[in-house]
Amino acid sequence: MTRVFWGFLPDDLPKKKPPLLYKPSNPDILAYLDFSVSTTGMLAGMSHTATSAFCRSIKLQCELYPSREVAICLDPYCGLGFVLWCLCSVYSGHQSILIPPSELELNPSLWLSAVSQFKVRDTFCSYSVMELCTKGLGLQTDSLKARGLDLSRVRTCVVVAEERPRTALTQSFSKLFKDLGLHPRAVSTSFGCRVNLAICLQGTSGPDPTTVFVDMRALRHDRVRLVERGSPHSLPLMESGKILPGVRIIIANPETKGPMGESHLGEIWVQSGHNSSGYFTVYGDEALQSDHFNSRLSFGDTQTLWARTGYLGFLRRTELTDASGERHDALYVVGALEEAMELRGMRYHPIDIETSVIRTHKSITECAVFTWTNLLVVVVELDGSEHEALDLVPLVTNVVLEEHYLIVGVVVVVDIGVIPINSQETCFDGRGI
């Protein structure tokens, strides 16, 4: 049975303000633990001060006021999904339409129908929700339009992510539902990780997200060289939403901890009032916690404490202006530091190789790339027969060699659903997932 959860309180409960509001004796004490997926047993904690600053920052960025209605189709268990489901509407006073993503497996149109029915202007989803709608409703747009489904009022559709923006998927989603009134500029992405659950988030009054094209060969050497669209070896990278109020970002060398310029790829470090307080574990690894949440630059501004995200990216000053009329810095996320593969003295990101492999054959539904000993392993899911599986091996090895100059050591062809995808779709900080 599909359900749309409206608000936080049933109508039959009294709506009087409680006589006493809880105030912690120390605002820096722990407010809650974020139960993100982790095989290490480490959970990130948020203090009362950080939680309030977090909700305030999202309220300002998204202009969340009591008169607003927001549709949220995210898992409510951890990360930004938990904050949007359980905290933001309490802090800001707006109403939230809550759609559990699991309901979309039975009714893929539930989320978009709720957005249309309640004339929602702002909505949040995940890439898995977007993919469910794209695949499940691809042939139903005419019937949905006939039923009166209208997305023309949507001002922002934000994909909550802990990874590089999936440009191809967001473009496919925008193109598919354009006939239902969805404005292509409405779709954007966010970026957060365990040390800071929301670093970037597209607001309502900011300029449209920008996309740049970088030379993939230079990127392997941690250099950022912009090229024209359609250039050989060009890689499109979409801006990960606008940096939230009160958030400072610097790009640092992950080994030397020195600051890096616009032309270099480095680790994203963040300083913010809503940084997580630290990792909490029964093992008590204080050294790891100190390195993640209290890092200092080796030169330059050596006094500021930064949290290390574990993600590689770069900043660029754009020509676009925000609501205040000032130019803004755009953050481009490339990938998790610990997921990157060091091969022949160069840094490769699995998603680039996986994208090449998936394009080689229409029956390849999913792909995973990793290294085992000194071999590059490619695992592909095949929606086809065993005969087709034999044909895939030369296709896979050739495309990886031609586009990435790498020799594949092992090709594994498996059935659909064999490659495990964790519930968060990506590791949060590239460590221990």
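1. Before we start: two residues are in contact here when they have heavy atoms within 4.5 Å of each other. Keep in mind as you read that this is a predicted model.

2. With that in hand, have a look at α9 and α10. On the α9 side, Asp352, Ile353, Ser356 and Val357 do the touching. Their partners in α10 are Val396, Val399, Val400, Glu403 and His404. Sort these residues by class and you get five nonpolar, two polar and two charged ones.

3. Now for how the two helices are placed. Helix α9 covers residues 350-358 and helix α10 covers residues 386-404. Their axes come within 9 Å and cross at roughly 130°. Angles over 145 degrees would count as roughly antiparallel and 65 to 115 as roughly perpendicular, so α9 and α10 are called oblique to each other. As for its hand, the crossing is right-handed.

4. Next, the holes inside. How many cavities of 30 Å³ or more does a search of the whole structure find? The search turns up five. Let's pick the second largest cavity, with a volume of about 60 Å³.

5. Which residues line the second largest cavity? They are Met216, Leu219, Arg220, Arg347, Tyr348, His349, Asp352 and His404. The elements giving two or more residues to this lining are α7 (216-219) and β17 (346-348). By class, the lining has three nonpolar, two polar and three charged residues.

Conventions: Residues numbered from 1 in each chain as written. Predicted model: local features only at pLDDT ≥ 70, side-chain atom pairs only at ≥ 80, totals over all residues. Heavy atoms only, no water. Axes fitted to C-alpha atoms, helices over the stretch in contact; angles between N-to-C directions. Helix = DSSP H or I, 4+ residues; strand = E, 2+ residues; numbered from the N terminus. Parallel < 35°, antiparallel > 145°, perpendicular 65-115°, else oblique. Left-handed = near helix turned anticlockwise from the far one by under 90°. Nonpolar A, V, L, I, M, F, W, Y, C, P; charged D, E, K, R; others polar. 1 Å grid on protein atoms, 1.4 Å probe; cavity = no way out; pocket = protein on both sides within 12 Å on 5 of 7 lines; lining within 4 Å. Points joined across faces, edges and corners; volume = space filled by probe spheres on them.
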